[in-house]
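Here is a quick walk through one protein chain, written for someone who likes to know where the atoms sit. Have the viewer open while you read.

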Amino acid sequence: MFALDKFLPDEPITSAREDLLDRADSAHKFAQYILRINASKGLVVGIQGPWGHGKTSYMNLMKEQFQQESVHGVIEFNPWMFSGSEDLVGQFFAQISASFTSNNAAHDRRKLFLAQNLLRYARILSPLTKVISIPLVSAGIEVATNALDESVLNAGKSPSLAEVRGLITEDLARLEKPVVILVDDIDRLSTSEIREIFKFVRLTGNFPNLIYVL
């Protein structure tokens, strides 16, 4: 008979308490080091290794440290969960936008504008994007539009990619803390999906205060 208690699940670890290979100290220090790098023009960090060698476990240990540090938030995006979707770009921006409409941002109109503009940026980049608009109503205050909306409405046109990108850049630059975006399981995707991932990283990788860990 097999001793069932000898079998170990092939699942990544999620915290230092499960670390049997002494990777936690390295992962925690690496996360701290990344946060010391100037991210005023964005930052993209890659973790490389053969499939099945523990990259997800290492990223989970880094996430554990990021959550203890002074960051605006930690966003996890696993494109493999949306594999086969025609709109990875839209799914990605929807998750980022949601991070700026949390309870902590409920009274911050600028963060709500940022969320709205991130979704607008996604729609310009990808016509397939069907993500739901962020309602700009918070704490009884209805926000109808921002300065850019007013100017382009008066001109009778939609905002350009450059205009929306400029607004996002300005608002992200005002953040006091960076946003960490963890993108995992890229090596599980198809070639076309991998291209989509690197497309949106290229298009947003130099936004201020965004730190990607791929």
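Of the 214 residues in the chain, 44% are buried. Keep in mind that this is a predicted model. The chain holds seven helices and six strands, and reading from the N terminus their order is α-β-α-β-α-α-β-β-α-α-β-α-β. Take the contacts between residues at least 6 apart in sequence: 74% of them link residues at least 24 apart.

**The cores**

Let's start inside. The largest nonpolar core has 31 residues, and F93, F100 and I181 have the most contacts inside it. The elements that supply two or more residues to this core are strand 2, helix 3 (88-99), helix 4 (109-125), helix 6 (161-173), strand 5, helix 7 (191-204) and strand 6 (210-213). Helix 4 gives the largest share, six residues. If you click on F93, you'll find that it touches L118, L119, Y121, A122, L125, F200 and T204, once residues up to four places away in sequence are set aside. There is also a second, separate core of 19 residues, with I13, I34, M62 and V213 among its members.

The largest pocket has a volume of about 1,100 Å³. Its lining takes in 37 residues, and P12, G54, K55, T56 and S57 are the ones nearest its centre. Helix 2 (55-66), strand 2 (73-77) and strand 5 (179-183) are the elements that each put two or more residues into that lining. Helix 2 provides the largest share, with five residues. Sorted by class, the lining is made up of 17 nonpolar, ten polar and ten charged residues.

**Helix 7**

Beyond its neighbours within four places in sequence, F198 is in contact with I186 and L214. F198 and L214 lie 16 residues apart in sequence, and their C-alpha atoms are 9.8 Å apart in space.

**A few single residues**

Is S15 buried or exposed? S15 is buried, because its relative accessible area is 6%, under the 20% cut-off. You'll find S15 in the segment before helix 1 (24-36). Apart from neighbours within four places in sequence, S15 is in contact with L61 and E64.

Then there are two backbone angles to check. Most residues other than glycine have a negative phi. D22 has a positive one, near 55°, and D185 does too, at about 65°. D22 sits in the segment before helix 1, while D185 lies in the loop between strand 5 and helix 7. D22 is exposed, whereas D185 is buried.

Here are the accessibility values for the residues picked out above.

| Residue | Relative accessibility | Class |
|---|---|---|
| S15 | 6% | buried |
| D185 | 11% | buried |
| D22 | 67% | exposed |

Key: Residues numbered from 1 in each chain as written. Predicted model: local features only at pLDDT ≥ 70, side-chain atom pairs only at ≥ 80, totals over all residues. Heavy atoms only, no water. Helix = DSSP H or I, 4+ residues; strand = E, 2+ residues; numbered from the N terminus. Buried < 20%, exposed > 50% of the residue type's maximum accessible area, 1.4 Å probe, protein only. Contact = heavy atoms within 4.5 Å. 1 Å grid on protein atoms, 1.4 Å probe; cavity = no way out; pocket = protein on both sides within 12 Å on 5 of 7 lines; lining within 4 Å. Points joined across faces, edges and corners; volume = space filled by probe spheres on them. Nonpolar A, V, L, I, M, F, W, Y, C, P; charged D, E, K, R; others polar. Core = buried A, V, L, I, M, F, W, Y, C linked by side-chain atoms within 4.5 Å.
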